[in-house]
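Hi,

Here is the structure I said I would pass on. Have a look at it first, and then read my notes below.

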Amino acid sequence: MASKWDWKTGEGVSHVDDPAEVDAAFERGEWPLGSAVIGLAFNCSLEEASPRIVRAMQLPDRDQRGFAFTAAGAAARLNGELTPELYAALRAEGPGGVAEHPIRDTLGFVPFRKLPPWFKRRWVVVTVRNKLEGWWLRSGETIADAWRALRGRRS
């Protein structure tokens, strides 16, 4: 039976729903594995997809590694939690770079009580920074409005 995806061109691999197929692709050394684990994140349980996502996060191709991190963010959105291995992989990569958005997805979609300690500290940092940025931007708008009003009275 012909598969629905083409490993040579990468066409359709983001719809892969069979962990065994992805394992076989790892053994063959196929290149679109980062894209394939996105399909696993959407179509398989977190426990089935997690080890393959973590493995794809270590691929030599930076773009495919980025897709693997995207799969971790999708898993956080869909499941409201991650496995300890995925949390560890995101922490190892750290904020910034390819892990920035998956870390933000995790902070936004996983309940605070389910986060490991490093992510809880990161949540506090991000929340405080966002609040301070909001205040700073609103104060700038207020000052600009006051300045326009003052200039309007002088005319």
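Tyr87 counts as buried, because its relative accessibility is 9% and the cut-off for buried is under 20%. Keep in mind that this is a predicted model, so read everything here as computed from a prediction. Tyr87 is found in helix α5. Leaving aside residues up to four places away in sequence, Tyr87 touches Glu81, Leu82, Thr106, Val110, Lys114, Leu115, Pro116 and Phe119.

Next, the domains. The chain is divided into domain 1 (1-115) and domain 2 (117-154). Their centres, taken over C-alpha atoms, are separated by 35 Å. What does the contact between them look like in numbers? On the domain 1 side 12 residues take part, in contact with 10 residues of domain 2. The area buried between the two domains is about 1,100 Å², and carbon and sulfur atoms give 74% of that. In domain 1, Arg91, Leu107 and Phe112 lose the most area to domain 2, together 48% of what that side buries.

If you were going to look for charge pairs across this boundary, the count of salt bridges between domain 1 and domain 2 is 0. The count of residue pairs in polar contact between the domains is also 0, with both residues required to be at pLDDT 80 or more. As for which parts of domain 1 face domain 2, α5 and α6 are the elements that give two or more residues to that side. The largest share, 5 residues, comes from α6.

Now the core. In the largest nonpolar core there are 42 residues, and Ile53, Met57 and Leu90 touch the most other members. The elements giving two or more residues to this core are α1 (19-28), α2 (33-43), α3 (46-56), α4 (62-79), α5 (84-93), α6 (100-109) and α7 (117-154). With 7 residues, α4 supplies the largest share.

Ile53 deserves a click in your viewer. Not counting residues up to four places away in sequence, Ile53 touches Val37, Ala41, Ala68, Ala71, Ala72 and Leu86. Ile53 is also among the buried residues of α3, along with Leu46, Ala49, Ser50, Arg52, Val54 and Ala56. Note that Ser50 and Arg52 are on that list of buried residues. And what do the buried residues of α3 pack against? They pack against α1, α2, α4 and α5.

Is Pro32 buried or exposed? Its relative accessibility is 1%, so Pro32 counts as buried. Outside the four places either side of it in sequence, Pro32 touches Trp7, Gly10, Val13 and Gln64. Thr9 is 23 residues from Pro32 along the chain, and the C-alpha atoms of the two are separated by 8.2 Å.

That's the lot from me.

Cheers

Methods. Residues numbered from 1 in each chain as written. Predicted model: local features only at pLDDT ≥ 70, side-chain atom pairs only at ≥ 80, totals over all residues. Heavy atoms only, no water. Core = buried A, V, L, I, M, F, W, Y, C linked by side-chain atoms within 4.5 Å. Buried < 20%, exposed > 50% of the residue type's maximum accessible area, 1.4 Å probe, protein only. Helix = DSSP H or I, 4+ residues; strand = E, 2+ residues; numbered from the N terminus. Contact = heavy atoms within 4.5 Å. Domains from an automatic or database assignment. Buried area = accessible area lost by both parts, 1.4 Å probe. Salt bridge = Lys/Arg side-chain N within 4 Å of Asp/Glu carboxyl O. Polar contact = N/O pair within 3.5 Å; in protein donor to acceptor, adjacent residues only side chain to side chain.
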